[in-house]
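Welcome! Take a moment to look at the structure below, and then we will walk through its ring pairs and one of its hairpins together.

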Amino acid sequence: RKLESLLYSSSHDANFEIIWRCESENLTNAPDRVFPSTIETQLLESNVGYLGIDGDLIGDDRIDEHLKSDIDSAVAYLSSATAIIIDLRSAGYVDLHVAKQFLSYFVPTGKPLATLTLAHNNTSQLVASNTGFKIGEQVPIFVVTSPFVAGSWEFVAYTLEQEGRATIVGERTMGVSYLST
């Protein structure tokens with residue numbers, strides 16, 4: 001993603017394709033390509049919460065319980081903050097299921113997040129799930145982006161902005177969430 005972004009920003013030409021040597025491997029079957037993740041939390045001056053995502057957050061349809069616990073702990077730690085900064089500048093790949101879970105802390109349970117259109121026009125709706133607690137609507141949220149933010153993290157940022165829950169700051173993202181195959 002970083003290479004694609006650098007190529008595009010220097011050439012302004014998106015008509016290229018980067019091919020991995022083992023193109024038939026799926027990301028979940030290629031652990032050497034999964035970058036370890038870190039979820040960093042801090043309470044800064046004036047009780048401003050900082051949540052930084054670094055690396056890949058990969059779960060499955062049910063979301064890995066360890067990953068869910070890590071996200072729960074991070075968001076719970078910041079639940080008393082007067083404002084929250086979500087830093088996605090170093091975020092890598094994130095499963096759509098994990099992104100949905102992440103959004104569920106900021107959006108009311110049962111609220112539709114998106115409608116996915118799959119092959120043969122089959123649709124599936126992503127709905128905010130019950131997380132046990134929510135970050136209050138009165139808490140301002142700022143999502144920091146960079147040209148390296150792509151895919152499901154763009155979906156997270158865009159959804160929070162569209163729900164009136166966040167202000168996006170930083171640089172323009174790759175725009176991968178708008179691509180379809």
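Strands here are DSSP runs of E with at least two residues, numbered from the N terminus. Two of them count as paired if DSSP finds at least two bridges between them. Keep in mind that this is a predicted model.

With that in hand, look at β4 and β5, which pair in the antiparallel sense over five bridges. Which residue in β5 is the bridge partner of T115? The partner is Q125. The two strands, β4 and β5, form a hairpin, and five residues lie between them. In the turn you will find H120, whose phi is positive, at about 60 degrees.

## Aromatic pairs

How many aromatic pairs does a search of the whole structure find? The search turns up three. One of them joins F102 and W153: the ring centres are 5.5 Å apart and the planes meet at 85 degrees, so this pair is edge-to-face. The cut-off behind that label is an angle over 60 degrees.

This pair links distant parts of the chain, with F102 in helix α3 (residues 96-103) and W153 in helix α4 (residues 152-162), 51 residues apart. Are these two residues buried or exposed? F102 is buried, because its relative accessible area is 2%, and W153 is buried too, with a value of 1%.

## A tilted pair

Now turn to Y105 and F133. Their ring centres lie 5.6 Å apart and their planes are at 45 degrees, so the pair is tilted. Here, too, distant parts of the chain are linked: Y105 sits in the loop between α3 and β4 (112-117), while F133 sits in the loop between β5 (123-127) and β6 (141-145), 28 residues apart.

Y105 has 0% relative accessibility, so Y105 counts as buried.

How values were computed: Residues numbered from 1 in each chain as written. Predicted model: local features only at pLDDT ≥ 70, side-chain atom pairs only at ≥ 80, totals over all residues. Heavy atoms only, no water. Phe/Tyr/Trp six-rings, centres within 6.5 Å; stacked < 30°, edge-to-face > 60°. Helix = DSSP H or I, 4+ residues; strand = E, 2+ residues; numbered from the N terminus. Buried < 20%, exposed > 50% of the residue type's maximum accessible area, 1.4 Å probe, protein only.
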